[in-house]
Amino acid sequence: MTLTDVTKNLVKRKNLDEAISNAQKGGLEKTLGAWDLILLGVGAIIGSGIFAIVGVAAAGESGAGPALIISMVIAAIACVFSALCYTEFATMIPVAGGAYMYTFATLGEFMAWLIGWILMLEYAIGFIAVACAWTNHFLQFIKGFSSFLPAWFVNPPVWLVNDYRSAVNYCNMQGLDYHSVIPSLAGIPISINLPAIIMIILTTAILIKGTKDSAKMAGIMVAVKLGVIALFVLAGAFFIKPENWTPFAPNGLEGIFMGAFIIFFAYIGFDALATAAEECKNPQKDLPIGIIGSLAITTIVYTLVALVLTGMQPTSGVPIPEGLLKAPMAFAMSVIGMDWAAGLISIGSLAGLTSVLLVLHMASTRVLYAMSRDNFLPKVFQKVHPKFNTPHILTLTVGVVGILGTLILDLNVAASLCNFGTFTSYIIVCLAILILRKIDPDRERSFKVPFCPLFPILGILCCGGLMAYSMIVAKGESAILSTELFLVWVIMGILIYASYGYKKSRKAELSQIEE
């Protein structure tokens, strides 16, 4: 095979009409309506970001402080441009795979593989990050029942509720010898995040049973967490101290932009709806409502929470308590003596994080399902459960990967890694819209990005700028490690495509010709 042939294969585009036709022939069951999509979207977006990451973005190292409100606006603006591009694609190409499929239709095979690989990072690693956050909130929740529950349950051993790295850091902070605290087997230290593992097992079982059931459960959890967020905003508003809003931006522009990068993790979710396009009853009508509606609702909620939280708790110039970083809303209520409200918020936090786990788990399996259907991955991943019509093998596989991930990644590293994957996919989708408008201008579009090409270009600049800025000014062990791991992940994806994906795709093409 000549270099010219290889190059042609690398940029070979997916035939959209063929992809849509194959999706309509069978496979995933069409069960989702507009309301289901809004519930899934809000369920995915309002979760770990508002219940956990918001504390780190406001009060962590290089935190934005009260200027977190501006950080949220910046992140939301970057999301809006990308969301409009996702909406145009999802209504035009209602096929499983999301950004992976859109890239295949515009930039060709190699970039499609690479984006699929990065999407796996975004969803699967985000899945792990949320599972870790779930553990933090669960531990905060059960402390409220210390008078009724056994001490060993309320204060479990550090090696049962943390990955090894986090357990070691905890021991060092407490002045403990981690060798004596963390048990070992045959010289190998044992440290597992047991609550996170249990939750991953439960979400795996729910998703294998069916997407519609997952949407129903997400709906219940959305109602619960919106209720407790309303409680926090209404009750906390009476305890706001305006002096806590000064200095407004303790770390200047660096804090604001780093806050926007960190809080961007809180907006991940609307793009996951695009991966479920194949399971929509009426994607041309329902997907725009689901994507744009869920993003609008969550942006309003985030802004209100940020105003109240930073007004209740000082986020600069004082020692920052660990509770503000791990479970900020519940911690703020505990400080003012409203333990009952803190308990309800903890319940809402657990519900919110569980709904995010469901959506991110579902999204990662749909991307892998599409890649398998395009012969990049083994055909066994294309199998659909005969009773539930769900990709059960892939769902189980992602669950196992999630469990393994909880053993080696902590929340901060996983969240930053997830952000890098998200920014990359958003940039590519904005670019792909511009390309498809040129190469296929006559294709029917029930929804069009307004002010094109301005909005897609602004999406590229906003996401690319935040991503580049975070890499340049990265500080702290977690920030540097996540940047390095992202670069390693991209290189791994290129090597796997060169040694496996490219060859498998060519073999599939030959077998189709022979048939």
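**Entry 1: Arg 443**

I started at Arg 443, which sits in the loop between helix H20 (411–439) and helix H21 (454–472). I am working from a predicted model. I looked for a polar partner of the Arg 443 side chain and found the side chain of Asp 440, at 2.7 Å. Then I left aside the neighbours within four places in sequence and listed the other contacts of Arg 443. They are Leu 16, Asp 17, Ile 20 and Met 92.

**Entry 2: H6 against H7**

Next I took up helix H6 (residues 99–106) and its packing on H7. I read an angle of about 165 degrees, with the axes 7 Å apart. Angles over 145 degrees count as roughly antiparallel, so H6 is roughly antiparallel to H7. I noted the crossing of H6 past H7 as right-handed. On the H6 side I found Ala 99, Tyr 100, Thr 103 and Phe 104. H7 brings Glu 109, Met 111, Ala 112, Trp 113, Ile 115, Gly 116 and Leu 119. I sorted the residues of this contact by class: 8 nonpolar, 2 polar and 1 charged.

**Entry 3: H7 against H19**

I stayed with helix H7 (residues 109–142) and turned to helix H19 (residues 392–406). Here the packing angle is about 55 degrees and the axes lie 9 Å apart. That angle makes H7 oblique to H19. I logged a right-handed crossing for H7 past H19. From H7, the contact takes in Phe 127, Ile 128 and Ala 131. They meet Val 398, Val 401, Gly 402, Gly 405 and Thr 406 of H19.

Definitions and conventions:
Residues are numbered from 1 along each chain as its sequence is written. This is a predicted model: local features need pLDDT of at least 70, side-chain atom pairs count only at pLDDT 80 or more; totals for chains, interfaces and linings use all residues. Side-chain values use heavy atoms; hydrogens and water are left out. Axes are lines fitted to C-alpha atoms, for helices over the stretch in contact, and angles run from 0 to 180 degrees between N-to-C directions. Helices (H or I, at least four residues) and strands (E, at least two) are DSSP runs, numbered from the N terminus. Angles under 35 degrees count as roughly parallel, over 145 as roughly antiparallel, 65 to 115 as roughly perpendicular and the rest as oblique. A crossing is left-handed if the near helix is turned anticlockwise from the far one by less than a right angle, and right-handed if clockwise. Contact means heavy atoms within 4.5 Å. A polar contact is a pair of N or O atoms within 3.5 Å; within protein, one must be able to donate a hydrogen and the other to accept it, and residues adjacent in sequence count only if both atoms are side-chain atoms. Ala, Val, Leu, Ile, Met, Phe, Trp, Tyr, Cys and Pro count as nonpolar, Asp, Glu, Lys and Arg as charged, and the others, Gly among them, as polar.
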